[in-house]
Amino acid sequence: MNASTTDQSPVVVIGAGPIGLAAAAHLVERGIEPLVLEAGPSAGTAVRDWAHVRLFSPWAEVTDPAAEKLLAPTGWVRPDGTAYPTGGDWAEQYLQPLAAALGDKVRYGVTVTGVARAGRDRIVDADRDEQPFAIHTLGTDGREQRITARAVIDASGTWSAPGPMGADGLPALGEQTAADRVSYRVPDLKDPAVRARYAGKRTAVIGSGASAFTALAHLADLAEEEPDTHATWILRRGMGAHTYGGGEADELPARGALGLRAKAAVEDGHASAVTGFRTAAVDRDGDRLVLVAEDGRRLDPVDEVIVLTGFRPDLSFLSEVRLGLDERLQAPTALAPLIDPNVHSCGTVYPHGVNELSHPEQGIYLVGMKSYGRAPTFLAMTGYEQVRSISAAIAGDREAAERVELTLPETGVCGGAGLYDEPDAARNSQGGGCCGAPATLRIGTGTPTGTGGC
């Protein structure tokens, strides 16, 4: 295949979520043909799985400018910028209309099973960069296909690979056999079947981020109506000043309020916190479960367990391309130091765009949640800026690709290995948004805004 044929090939975007569709919109704006491959039946399939959860950023900060330009001729009107959408609102009022505006540039029911250089496995150097990408896919009808692409933007996210209960990153002993009592999602307690599962029951909630806060808040609301409903909140570290996030000082007010609701759940007796508990095993006690820690501690039996320990990227279909990934976070090597929750580093963050998202294999990019690997606290605006920069680079506009400015919020900025097991140190830390929460980054151009992302 010659160079001119390669240039006529589309840029394949994997995933029709917020960042994947934004990537397609930016490519269209640049006059480049995108082809979005979505495994699910509709736009924002993963987002629809948490349709009942409200974002902690308003509409003004979860829509992409290039996407809005593409939507404008269709008569689409952005919802009130100050309102906070649910995942369902985001999917129905923005993502699906955006996918419709892209038309046949979006294909549903197509799972990407492999990405490689045409005719070159990952070992072969000869003429590698001159070859197009070959994307292997599997349709819902069982049909296999091979698609040629000039570049690949992987926005498939991490939703399909939640973290396990085990504190060592592996499933706890007995976790898989207890699968009928274990969930890895924030429950939708408005669903009668889900409500019945947790009403009047004791539920262990494992995790320390926004998802865990949301689950605790929802279970506390249920406890107000259903006696004997109680949550046991399991934290792998100790309690510190920032266990509940930034509170009223958080630059994302809804995120701060969420942490305060979780705090209220504990103070009102609807939840009890267990600290320094790293789950090693799940035992059965009749129909109930007993969680066992690495230090031998055993908790009182519970009826259900909700595991909210983050997500990890699925890299299996990228095994034949040469990625440069950080050995800890599984994020691009140059990006990892900027977002690593093990590193307590307040202050300036280097510009974050195509340079930080590039790999040894030219022309392939991991974006959105997937670019963060195992790091938490990704913001939607971060992803929109990522794909703006990458689209400019693919178009050959290097100046625009590198014109990226990144600003840090006042809270949620730092994580620290030094605070991991020292709640007193976390309690006594002062100033500048340095806290025990994972890294939070905001990207934008020009004057920083007050909040950002989702």
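Two strands are said to pair if DSSP finds at least two bridges between them, and the elements themselves are DSSP runs numbered from the N terminus, with helices being H or I runs of at least four residues and strands being E runs of at least two. The model is a predicted one, in which local features need pLDDT of at least 70 and side-chain atom pairs count only at pLDDT 80 or more, whereas totals for chains, interfaces and linings use all residues. Residues are numbered from 1 along each chain as its sequence is written, and side-chain values use heavy atoms, with hydrogens and water left out.

In these terms, strand 2 (residues 34-38) pairs with strand 3 in the parallel sense over three bridges, and Val 36 stands opposite Val 106 in strand 3. Both strands belong to an open sheet of five strands, ordered 3-2-1-7-15, in which the pairing is parallel. At its edges are strand 3 (106-108) and strand 15 (364-366), each of which pairs on one side only. On average, and with direction ignored, neighbouring strands of this sheet are turned by 15° against each other; here, angles run from 0 to 180 degrees between N-to-C directions, and axes are lines fitted to C-alpha atoms, for helices over the stretch in contact.

Helix 11 (residues 380-394) lies across strand 1 (11-14), strand 7 (151-154) and strand 15, running at about 175° to strand 7. Helix 11 also packs with helix 2 at an angle of about 35°, their axes being 9 Å apart, and this crossing is right-handed, a term for a near helix turned clockwise from the far one by less than a right angle, left-handed being the anticlockwise case. Contact means heavy atoms within 4.5 Å, and among the residues that meet are Pro 18, Ala 22 and His 26 in helix 2 and Tyr 384, Val 387 and Arg 388 in helix 11. The residues of this contact divide into nine nonpolar, three polar and one charged, where Ala, Val, Leu, Ile, Met, Phe, Trp, Tyr, Cys and Pro count as nonpolar, Asp, Glu, Lys and Arg as charged, and the others, Gly among them, as polar.

Helix 2 (residues 18-29) packs with helix 5 (residues 87-102) as well, at an angle of about 35° and with the axes 10 Å apart, but this crossing is left-handed. The contact is made by residues including Pro 18, Leu 21 and Val 28 of helix 2 and Trp 90, Leu 95 and Leu 102 of helix 5. By class, it has 10 nonpolar, no polar and no charged residues.
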